[in-house]
2 protein chains.
Amino acid sequence: MGGDFAPLEAIKGACLSKNAFPDVHIVLYGDKKVIEGIAQSDSQSLEGISIVHCSEVIEMGEHPVKAIASKRDSSIFRGFMDLASNQIHGFLSAGNTGAMLVGSIQILKSIVGIDRPSLLTTVPKPSGNHGIVLDVGANADNKPEHLQQFALLGSIYAEAILKKSNPKVGLVNIGEENEKGSILSRAANQLLRNTQQIDFIGNVEGREIFSDKHDVLVCDGFTGNVMVKIIEGFYYTFSKRGVKDDFLDMLNFKNHGGGLILGVTAPVVVGHGISKGPTFVKMFELVKNSIESDFCSKVGEAFSILHAKNADQSNG
Amino acid sequence: MGGDFAPLEAIKGACLSKNAFPDVHIVLYGDKKVIEGIAQSDSQSLEGISIVHCSEVIEMGEHPVKAIASKRDSSIFRGFMDLASNQIHGFLSAGNTGAMLVGSIQILKSIVGIDRPSLLTTVPKPSGNHGIVLDVGANADNKPEHLQQFALLGSIYAEAILKKSNPKVGLVNIGEENEKGSILSRAANQLLRNTQQIDFIGNVEGREIFSDKHDVLVCDGFTGNVMVKIIEGFYYTFSKRGVKDDFLDMLNFKNHGGGLILGVTAPVVVGHGISKGPTFVKMFELVKNSIESDFCSKVGEAFSILHAKNADQSNG
């Protein structure tokens with residue numbers, strides 16, 4: 001029921017995904033009558049797709065914590081409950097991002113060693129490679145340890161989902177030298193240099209955003225959110241000016257398939273509210289890849305090692 | 001003596017500026033023999049230009065505080081001394097930015113009510129207008145009061161230098177609503193809403209960077225530096241791809257004429273190290289405009305009002 005074009009585009013996406021991934025069993029959470037009515041009037045076949053009827057909807061503008069607490073028969077709440085009890089193996093929505101984050105934290109378990117879930121954005125590069133940036137807004141204020149956690153999460157993601165071996169991790173900073181930057185970025189730099197589980201390449205300045213020197217860019221959620229929104233602004237400005245360029249087209253965020261919520265025990269994907277049917281297929285694909293690559297277990301294992309090392313260090 | 005192509009491009013810039021602004025008396029600070037030799041071999045006439053001989057040079061990579069403390073016969077130190085004693089009325093360099101900032105703070109007086117100097121970048125817009133962003137890296141860690149100071153400085157700059165009446169000030173943030181954002185941006189939002197000397201339009205997201213809704217964008221120096229460097233990266237990436245677009249060309253930072261150091265008692269301009277002759281002309285023009293518009297006095301007056309109001313408020 002989530003997204004600016006709900007539920008039609010979600011239904012279209014489910015039907016397209018059913019054909020694209022015939023081994024996946026799709027379950028729709030929402031108002032059964034509304035879903036069936038819209039599917040019928042749009043000539044979409046729901047054969048092979050299950051529906052779990054939910055009488056409530058968490059709207060796009062609702063306060064996430066309040067909505068999760070009060071709307072126990074909403075599609076978001078019900079989906080998380082079924083995910084937590086392993087009745088479904090992944091969950092996606094183009095609805096209220098805040099509610100999806102709150103649901104992830106409150107209904108799923110957090111992975112031990114991860115303080116807060118985070119969100120990443122995939123950044124295309126002119127070379128054809130893809131990098132990632134995180135956090136991009138799940139967190140507004142971060143400590144150095146959070147950036148260490150983002151670095152490890154991003155590194156595992158690049159390896160498991162983007163199939164990049166030994167991904168290179170950079171820290172977004174305002175100078176290349178280790179001693180440059182803010183209090184946060186200087187402390188994070190030092191922490192990342194001492195994190196053996198990642199291949200840390202050092203500080204990366206904003207102008208290197210599309211470079212192949214790094215596969216994972218780590219920053220606080222405020223900086224990351226500003227960065228990805230500036231890219232959105234570029235795309236919008238230059239496409240509106242009629243600039244034709246293959247790489248510019250790749251920056252069209254409307255086609256991006258949403259992002260995995262990182263740090264929780266099961267695959268959850270949140271998409272842009274403006275997502276249309278084909279974008280939902282990308283979201284389904286990301287959930288599928290996360291399940292098949294056993295992403296969440298890999299994160300759990302890596303963080304138990306990091307957690308043990310950090311505990312060792314603080315015990316001297 | 002500063003910049004990647006020093007002193008040739010600075011000399012070329014001075015000669016071009018002498019012709020462009022015949023009422024300005026130009027003084028070069030540097031090694032007299034080197035300057036005269038290079039001018040002669042490049043057939044540049046130094047007629048009408050004064051030279052103050054300085055035996056030392058602060059190099060691009062030197063530690064700013066140490067360099068200012070030890071190199072008392074460097075062109076940067078000598079220039080600031082003459083500026084402080086009113087023998088020259090403005091000062092510009094494409095040399096060590098850190099040394100220019102340290103010189104501004106230590107040798108010039110800071111304007112009362114301003115905690116730290118800041119740097120701005122002019123951002124062109126597809127409409128043909130120009131906006132500004134500050135701080136863009138003079139500060140790595142800021143408090144809400146600093147952002148209030150940047151807002152007032154930017155507003156005065158937009159009015160005095162860009163000739164924009166009632167400039168609109170926005171706060172870079174990760175959501176449009178007042179209550180969104182980091183601890184810093186939420187506190188700054190509240191402070192800016194209560195600052196009567198500026199026309200505050202609220203939070204602005206990264207995607208609105210080229211919008212005409214705002215004339216001045218305020219943020220901490222870390223965020224601002226990342227923002228402007230992403231614009232650099234974008235220009236570089238797309239111009240390298242052969243994209244032809246008038247607005248893209250305007251983002252070429254090599255043509256930007258440097259920035260005024262804001263918050264000190266006399267006009268000081270720092271340019272990119274890569275500046276060539278014609279870029280120095282823009283830097284000269286900015287210094288000239290700052291002197292003629294009496295920018296520093298206007299800042300002094302505005303901050304004495306802000307300072308008095310803030311003192312009133314904290315006294316209840």
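Mentor: A polar contact is a pair of N or O atoms within 3.5 Å. The model discussed here is predicted.

Trainee: Which side chain does the side chain of A:N142 join in a polar contact of 3.2 Å?

Mentor: A:N142 is placed in the loop between strand 5 (130-134) and helix 6 (144-160) of chain A. The side chain of A:N142 also reaches the backbone nitrogen of A:G221, at 3.0 Å. The side-chain partner at 3.2 Å is A:H146.

Trainee: Is A:N142 buried or exposed?

Mentor: Leaving aside residues up to four places away in sequence, A:N142 touches several residues, among them A:R116, A:F150 and A:D220. The relative accessible area of A:N142 is 14%. Buried means under 20%, so A:N142 is classed as buried.

Trainee: What kind of rotation axis relates the two copies?

Mentor: Chain B is superposed on chain A by a rotation of 180° with 0.0 Å of shift along the axis, at an RMSD of 0.0 Å. The two copies are therefore related as by a two-fold rotation axis.

Trainee: Which residue of chain B comes closest to the rotation axis?

Mentor: The axis in question belongs to the rotation of 180° that superposes chain B on chain A. Judged by C-alpha, the closest residue of chain B lies at 3.0 Å from that axis, and this residue is B:T223.

Trainee: Why do the copies meet through the same surface?

Mentor: In the interface, 36 residues of chain B are in contact with 35 residues of chain A. The copies meet through the same surface because the interface residues of chain B that are also interface residues in chain A amount to 97%.

Trainee: Which element gives the most to the side of chain B that touches chain A?

Mentor: Across the interface of chain B and chain A there are ten residue pairs in polar contact. The elements of chain B that give two or more residues to this side are helix 7 (183-193), helix 8 (221-240) and helix 9 (246-250). With 13 residues, the element that gives the most is helix 8 of chain B.

Trainee: How much of the area buried between chain B and chain A is on carbon and sulfur atoms?

Mentor: By class, the side of chain B that touches chain A has 18 nonpolar, nine polar and nine charged residues. The two chains bury about 3300 Å² between them, and the part on carbon and sulfur atoms is 71%.

Trainee: Why does the pair of B:K229 and A:E205 join two chains?

Mentor: The side chains of B:K229 and A:E205 meet in a salt bridge of 2.1 Å, N to O. B:K229 lies in helix 8 of chain B, whereas A:E205 lies in the loop between strand 7 (199-204) and strand 8 (216-218) of chain A, so the pair joins two chains. B:K229 counts as buried at 10% relative accessibility, and A:E205 counts as buried at 9%.

Trainee: Is B:R207, which meets A:E232 in a salt bridge, buried or partly exposed?

Mentor: The side chains of A:E232 and B:R207 meet at 2.8 Å, N to O. A:E232 counts as buried, at 8% relative accessibility. The relative accessible area of B:R207 is 33%, so B:R207 is partly exposed.

Trainee: How many salt bridges are there between chain B and chain A?

Mentor: One of the pairs is A:D245 with B:R241, with the closest N and O atoms 3.0 Å apart. This pair crosses between chains, from the loop between helix 8 and helix 9 (246-250) of chain A to the loop between helix 8 and helix 9 of chain B. The count between chain B and chain A is six.

Notes: Residues numbered from 1 in each chain as written. Chains lettered and ligands numbered in written order. Predicted model: local features only at pLDDT ≥ 70, side-chain atom pairs only at ≥ 80, totals over all residues. Heavy atoms only, no water. Contact = heavy atoms within 4.5 Å. Buried area = accessible area lost by both parts, 1.4 Å probe. Salt bridge = Lys/Arg side-chain N within 4 Å of Asp/Glu carboxyl O. Polar contact = N/O pair within 3.5 Å; in protein donor to acceptor, adjacent residues only side chain to side chain. Helix = DSSP H or I, 4+ residues; strand = E, 2+ residues; numbered from the N terminus. Nonpolar A, V, L, I, M, F, W, Y, C, P; charged D, E, K, R; others polar. Buried < 20%, exposed > 50% of the residue type's maximum accessible area, 1.4 Å probe, protein only. Least-squares fit on C-alpha atoms with pLDDT ≥ 70 in both.
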